[in-house]
Amino acid sequence: GTPDHGRLMQRMREKTDKMEENKATRKLRVCVATCNRADYSKLAPIMFGIKANPDEFELEVVVLGSHLIDDYGNTFRMIEQDDFDIGSKLHTIVRGEDEAAMVESVGLALVKLPDVLHRLRPDVLVVHGDRFDALALATAAALMNIRILHLEGGEVSGTIDDSIRHAISKLAHYHACCTRTAEQHLIAMCEDHTRILLAGCPSYDKLLAAHHRDDYMDIIRNWLGDNVKEHDYIVALQHPVTTDIKNSIKIYELMLDALISFNKKTLVLFPNIDAGSKEMVRVMRKKGVEQHPNFRAVKHVPFEQFIQLVCHAGAMIGNSSCGVREAGAFGTPVINLGSRQTGRETGENVLHVRDADTQNKIYHALELQFGKRYPCSKIYGDGNAVPRILKFLQTIDLDEPLQKTFCFPPVKEWDISQDIDHILETQSALAVDLGGTNLRVAIVSMRGKIVKKYTQANPKTYETRMELILKMCTEAVIDAVHLNCRILGVGVSTGGRVNPQEGVILHSTKLIQEWSSIDIRTPISDALHLPVWVDNDGNCAALAEKKFGHGKGVENFVTVITGTGIGGGIIQHNELIHGSTFCAAELGHIMVSLDGPECMCGSRGCIEAYASGMALQKEAKRLHDEELLEVEGMLDLKKAESVSAIHLINAARLGNHKAEAVLRTAGMALGVGIINILHMVNPSLVILSGVLAAHYQAPVQQVIGQRALTSAQSIQVLTSDLEEPALLGAASMVLDYTTRRIY
């Protein structure tokens, strides 16, 4: 260490000691300001968290905006029902529901807020989102030298909300954002990355914990009537777009017409208080929606009940951020109308109708989406946002200068803050490997490090196997939080033929019983609320090489697994080849003889019948039975059951000619099979993986040199350096897909 480094470390230690001292002497006074029903659903979990830690925090609650308006359901009452003491109620809305009224409302809030903030004197003001009331709050607090923590900054939706949201971010001192992209946007906006917390959305803490309620049908019937069934109704929530009011009223009219024609039970929520909402309510009344037997129009639904309604709906329609955010956590199909959420990150459950200019187009979207189910998406959170935010609040040093400093370019590299545990966890995947003998689960980091591994014997029946998979995965997800790992999804590697698009195991190998026609994606996704990818072990080995092994940066290569059986995967133009019925790269069943030994697939002369561990073991047993296996220098073999391929290899090494002949034939068969692959797909590299790889490399390279076409003879054969190709391949499906996909 340099003297400078020593001084820096000393300063950091002093700062930490000082913070500990301050923490011991005083509580952090946090003021949470809420303006409407939507922001309260995000702020309430934080408020409950603050209230549950009275030794650390003092909570003040300020209520303003549409919470206090009768037409919008007087939603301040739900805050009182949640047992929070409201310190101040500020009537800040100027009625008129047009652009001028919004500006006047901001002005009125700015007139009333200084008195309240002066009286409460909070250390930190927590502000959410992108509403005009929140802009007034942030402006007042910034001018009064009060630290601001802004939730959900850095996001892009595509309306005036973006400008307001980014303006609040510029006024805020600290940021708790929901997604990796939002974090990158804030950094690009020159915010200090040490003051940005990638927390996830606080509402996810509540909805992931609460959505498995036994009484959900009672809630649905209470809002939609006794005859309604699960997944057989629609939730509609459309707000005005203030930069294009005329068009948003037109879309609202077309949506209602489409819903009337679609003829399903529908819960319609009143729009928010933005300019244009009065005209939208007028349109709704003109169409007789409130009297229509299929419709129920309501001003407000408590968040816990709204979660149940969205979770079990056949579809959600409109332009509410709930559709592109919270609904994804349940896999509920969403039809997003117009431009209000254009820039938001969404899961595959969202179908955009950006140019919603005809009733027919919206009706067709309803037909496509209604009643479908999608994998649960966790783009916006994993249910642990509140503990992260509370931890983040505790690190705020009140002795630090209040003046914000902006970090102008160059912007930080991808992982500058990865070692600061409250700012960024290690992005990781949960990998599951279903082998003939063992069932293994691992937490795998973005760099291919196995952080923790769990191994159990693979049960013989479907029920016990699924139960064990879910139990092991749940345990790993809990451990991941303590290990500071953010789980992005689950990758499953299994023997047999797999349809990766549907997440279904079509046919299993004989080694795994009761494992055909199995939908493995849905139960894991439902239990963990994570997206799930599935592929067979051969393809996973190829993916592992592509991301972490010899295949990195190679456009065309083949991986051949030489283990109990023979399998593999083919990467062509950087993508896996699956084939029309998902049996491409069944490399073990390339025939190298018209009348060779019988294979487990029922055919004859396959590579697997010559060169697999099982084939070599069979030959070893035959030689042992004929007393031709043992040679001088070998340990005595008593039982035929204990004879394995390793004994055959050892015997050959010690000069047993019969064993040498068997291995020569096996090497020749594998080499000829690989030549067939070279002549068919012409890769630039062949990677041998599995327990027998090192033994086969030289014979295979030799056969290629002797028998392949001249143009293919130079192709290199390497042995894999990866210890866990199946687990790493399963993880790479998650890590590649979740970080490269552009929505």
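Colleague: Which residue has its backbone nitrogen 2.7 Å from a polar atom of the Asn 319 side chain?

Modeller: This is a predicted model, where local features need pLDDT of at least 70, side-chain atom pairs count only at pLDDT 80 or more, and totals for chains, interfaces and linings use all residues. Residues are numbered from 1 along each chain as its sequence is written, and side-chain values use heavy atoms, leaving out hydrogens and water. A polar contact pairs N or O atoms within 3.5 Å, one able to donate a hydrogen and the other to accept it, with sequence neighbours counting only if both atoms are side-chain atoms. Here the backbone nitrogen 2.7 Å from the Asn 319 side chain belongs to His 239.

Colleague: And is Asn 319 buried or exposed?

Modeller: Asn 319 sits in the loop between strand 11 (315–318) and helix 13 (321–324), and touches (heavy atoms within 4.5 Å) residues including Leu 237, Asn 336 and Arg 340. Its relative accessible area is 1%. With buried meaning under 20% and exposed over 50%, Asn 319 is buried.

Colleague: Let's turn to helices 5 and 6: how are they oriented to each other?

Modeller: Helix 5 (residues 132–143) and helix 6 (residues 160–171) have axes 9 Å apart and an angle of about 20 degrees. Angles under 35 degrees count as roughly parallel, so these two helices are roughly parallel.

Colleague: How many charged residues are in the contact of helix 5 with helix 6?

Modeller: Among the residues that meet are Phe 132 and Leu 135 in helix 5, and Ile 164 and Leu 171 in helix 6. By class, the contact has nine nonpolar residues and one polar. The number of charged residues (Asp, Glu, Lys and Arg) is none.

How values were computed. Axes fitted to C-alpha atoms, helices over the stretch in contact; angles between N-to-C directions. Helix = DSSP H or I, 4+ residues; strand = E, 2+ residues; numbered from the N terminus. Parallel < 35°, antiparallel > 145°, perpendicular 65-115°, else oblique. Buried < 20%, exposed > 50% of the residue type's maximum accessible area, 1.4 Å probe, protein only. Lists of a residue's contacts leave out its neighbours within four places in sequence.
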